[in-house]
Amino acid sequence: YKENKKTSAENIVPYLIAFMTWAFSLYLINKGLRHIVTLDSKIAFVLSVAIAVLVFFIVKPIIKKALEKLENKKEEINKLFTIPLIFAVALLSFAHGANDVANAIGPLTAINEALKVSFEFGAKANVPFWIMLIGGLGISIGLALFGPRLIRTVGGEITELDQMRAYCIAMSAALTVLVASELGMPVSSTHIAIGAIFGIGFLREHLKRQYKEMEAKILESRKGEDSKKVKEFLEHFRNASVKRKAAILKSIERKDSKKKAKLEEFSDIDLKKKEAKKLKEAYKEELVKRSAINKIVAAWLITVPVSAIFSAICYFIISAIGL
């Protein structure tokens, strides 16, 4: 929404990359390094901040140089997020392994511990390597056999994604899953990622609806005036800064003659009824597919009770036959 997108990107993108570096570093230091050396949580925090600051100063000139070759368009700015997106998805994959594999192998680990002679209820279970291997292979084989269809649904059937939106989704989902993993909460990485996609999609709908209302208000204020500069006006309004848009709307609402004079260049703008109708219809477009929402909500509501009932039935049958 900034008029100079390149300057905004130069200022903001390095901070986004630094934030991602901090999150990933902190988690790896806390979880990975503790098997080699135990660090105090304050030291781990300071060390991760230091790594993030270092990455910030390394990335800033790289971003600046890359921007010199790009045009001042959103599509061009999107290109800056390609490499950060790969790292964000790697972080999400890491988070996925930290939580979803644990969900899958948890019952198997419990069974393995229960079979030991020295089993003690409530004691901490040791996870053997062969169980970890089964979990990893299971996730990989499942992804290869049944993953493509789910990837299509999540990646393209809910809402339209580009590099910038996908980066926000991967980062927010990864951080949510990592925090849940740290707290020992078994969560679904897939459901969390879908929640992030809904957040992006519904925000886009909200913003688009706001634009529809703003432009409808301006067009209403020019009703009855004859002009052929509709496209020119709309282009100017869309490219204006948020501040400028607010000033235009304020001047219309207050009908301030002085402020209205600033809009004189647009004073002879009007739309034909058919054109105005088309404009309104365009802004009513749903950017999140409702059919996908219904399917996903149904999946959330059905899967847990169904698996619980099926599990109970299996246990009942085993108990009934005396095993």
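## Chatting through a helical model

Mentor: Let's start with burial: 31% of the chain's 323 residues count as buried. Keep in mind that this is a predicted model.

Trainee: Got it. How many helices and strands does the chain have?

Mentor: The chain has 12 helices and zero strands. Along the sequence the pattern reads α-α-α-α-α-α-α-α-α-α-α-α.

Trainee: And what share of the contacts between residues at least 6 apart join residues at least 24 apart?

Mentor: That share is 77%.

Trainee: Let's look at a helix pair. At what angle do the axes of H1 and H6 cross?

Mentor: Roughly 25°, and the axes come within 12 Å of each other. H1 covers residues 5–31 and H6 covers residues 163–182. Angles under 35 degrees count as roughly parallel, so H1 is roughly parallel to H6.

Trainee: Is that crossing left-handed or right-handed?

Mentor: The H1 and H6 crossing is left-handed.

Trainee: Which residues meet there, H1 against H6?

Mentor: From H1 you have Leu-16, Ile-17, Phe-19, Met-20, Ala-23, Tyr-27 and Lys-31. Their partners in H6 are Tyr-167, Met-171, Leu-175, Leu-178, Ser-181 and Glu-182. By class, the contact of H1 with H6 holds 10 nonpolar residues, one polar residue and two charged residues.

Trainee: Nice. Switching to rings: how many aromatic pairs are there?

Mentor: The count is six aromatic pairs. One of them joins Tyr-15 and Phe-56, with 4.7 Å centre to centre and 45° between the planes, a tilted arrangement.

Trainee: Where do Tyr-15 and Phe-56 sit in the chain?

Mentor: Tyr-15 is in helix H1 and Phe-56 is in helix H2, residues 41–68. They are 41 residues apart, and the pair links distant parts of the chain.

Trainee: Is Tyr-15 buried or exposed? And what about Phe-56, buried or exposed?

Mentor: Tyr-15 has a relative accessibility of 53%, so it counts as exposed. Phe-56 has a relative accessible area of 11%, so Phe-56 is buried.

Trainee: Which residues make up the aromatic cluster with Tyr-15?

Mentor: Tyr-15, Phe-56 and Phe-57 form one aromatic cluster.

Trainee: Last topic, Thr-153. Which helix is Thr-153 found in?

Mentor: Thr-153 belongs to helix H5, residues 129–157. Its relative accessibility is 16%, so Thr-153 counts as buried.

Trainee: And how far apart are Thr-153 and Ile-296 in space?

Mentor: They are 10.0 Å apart, C-alpha to C-alpha, while 143 residues separate Thr-153 from Ile-296 in sequence.

Definitions and conventions:
Residues are numbered from 1 along each chain as its sequence is written. This is a predicted model: local features need pLDDT of at least 70, side-chain atom pairs count only at pLDDT 80 or more; totals for chains, interfaces and linings use all residues. Side-chain values use heavy atoms; hydrogens and water are left out. Axes are lines fitted to C-alpha atoms, for helices over the stretch in contact, and angles run from 0 to 180 degrees between N-to-C directions. Helices (H or I, at least four residues) and strands (E, at least two) are DSSP runs, numbered from the N terminus. Angles under 35 degrees count as roughly parallel, over 145 as roughly antiparallel, 65 to 115 as roughly perpendicular and the rest as oblique. A crossing is left-handed if the near helix is turned anticlockwise from the far one by less than a right angle, and right-handed if clockwise. Contact means heavy atoms within 4.5 Å. Ala, Val, Leu, Ile, Met, Phe, Trp, Tyr, Cys and Pro count as nonpolar, Asp, Glu, Lys and Arg as charged, and the others, Gly among them, as polar. Rings of Phe, Tyr and Trp (its six-membered ring) pair if their centres lie within 6.5 Å; planes under 30 degrees apart count as stacked, over 60 as edge-to-face and the rest as tilted. Buried means under 20% relative accessible area, exposed over 50%, partly exposed in between (1.4 Å probe, protein chains only).
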